[in-house]
Amino acid sequence: MKSILPLTLILALVVAFENCASNQGNQKLGVSKINTGSHLAQIESIDADLKSSTLSDESRDKLVIRKGKLLLDLGKYDETISTLNQVNQAKSNPVQLSEWNLTMGKAYVGKNEYSKAIQFLNQSERLDKNTNLMERKKLVVQSLVAEREYYPALATLTKTYTKGNQKKDEFYYETAAKTYLKMGFEYKNTGFYQKGLQVANLGLEEFPNNETLKSIQKECLEVLQPEGKL
């Protein structure tokens with residue numbers, strides 16, 4: 001099939017995808033929005049508390065999970081994982097273990113090890129289906145897209161927002177439109193660009209100032225207009 005993209009646009013799309021993925025990863029894990037000094041002080045305090053011989057196993061595990069979450073905020077993903085592995089999973093209650101799996105999943109997202117992240121995120125949901133539901137689902141969708149599992153990502157995204165009549169937010173429109181854009185780029189199929197454009201247009205009706213949707217709209221139009229597909 002004849003390529004539908006000029007070389008300059010292909011290179012631009014590749015750079016855009018890489019930059020967007022990097023920025024999105026930092027935003028969703030909150031790396032750029034923390035007080036480093038406060039986090040380090042809290043970690044130091046937790047380390048001091050963990051030296052106490054009077055702590056119960058449950059209290060100790062709560063402190064370890066708290067420390068892991070602070071390390072996660074700091075972007076110290078390997079330290080997060082090694083810290084969380086100190087938790088006695090066999091003695092943890094389901095809700096606490098769900099939180100443990102969620103934090104592990106986030107750490108692996110931070111390491112760009114998405115298949116491992118999905119395993120922990122899914123286990124977190126199996127243990128506790130109510131707490132942090134949307135956060136988990138969004139991370140799973142993002143991980144599936146990163147793994148180029150586009151159809152499962154779109155299916156999960158649709159199911160997440162359909163179940164319980166969840167209102168479609170900016171995340172929904174951005175992720176769906178971006179996924180279709182990536183599918184068009186990867187499969188060299190204008191149909192996916194058309195779907196990406198449709199979703200971006202719908203999203204901009206709800207969120208007219210969304211720069212991500214405007215960028216996706218522009219990229220889709222750059223591909224579709226020269227081909228006379230509109």
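Hi everyone, this short talk walks through the helices, cores and salt bridges of the structure above.

A word on the basis. This is a predicted model, where local features need pLDDT of at least 70 and side-chain atom pairs count only at pLDDT 80 or more, while totals for chains, interfaces and linings use all residues. Residues are numbered from 1 along each chain as its sequence is written, and side-chain values use heavy atoms, with hydrogens and water left out.

Let's start with the overall fold. The protein has eleven helices and zero strands; here helices are DSSP runs of H or I with at least four residues, strands are E runs of at least two, and numbering goes from the N terminus. Of its 230 residues, 42% count as buried. Buried means under 20% relative accessible area, exposed means over 50%, and partly exposed is in between, using a 1.4 Å probe and protein chains only. Taking contacts between residues at least 6 apart in sequence, 57% join residues at least 24 apart, where a contact means heavy atoms within 4.5 Å.

Now the inside. Which residues touch the most other members of the largest nonpolar core? They are Leu157 and Tyr193, in a core of 33 residues. By nonpolar core I mean a set of buried Ala, Val, Leu, Ile, Met, Phe, Trp, Tyr and Cys residues joined through side-chain atoms within 4.5 Å. Helices α6, α7, α8, α9, α10 and α11 each supply at least two of its residues, and α9 gives the largest share, with nine. Leaving out residues up to four places away in sequence, Leu157 touches Val141, Phe171, Tyr172, Thr175 and Ala176. Apart from this core lies another one, of 23 residues, including Leu50, Leu74, Val109 and Ala117.

Next, helix α5, residues 94-110. Of its 17 residues, 13 are buried, so the helix is largely enclosed by the rest of the structure. At the start of α5, a side-chain oxygen of Asn93 comes within 3.2 Å of the backbone nitrogen of Val95. After the helix comes Asn112, with a positive phi near 65 degrees.

On to charges. The structure holds twelve salt bridges, each being a side-chain nitrogen of Lys or Arg within 4 Å of a carboxyl oxygen of Asp or Glu. Lys106 pairs with Glu135, with the closest N and O atoms 2.4 Å apart. Lys106 sits in α5 and Glu135 in α7, so the pair ties together parts 29 residues apart in sequence.

Another bridge joins Glu125 and Lys137, at 3.2 Å from N to O. This one links α6 with α7, across twelve residues, and Glu125 is buried, at 16%. Finally, Asp78, Lys111, Glu113 and Lys116 are linked in a network of salt bridges. Within it, Lys111 and Glu113 meet at 3.5 Å. Lys111 is partly exposed at 26%, and Glu113 is partly exposed at 28%.

Key: A polar contact is a pair of N or O atoms within 3.5 Å; within protein, one must be able to donate a hydrogen and the other to accept it, and residues adjacent in sequence count only if both atoms are side-chain atoms.
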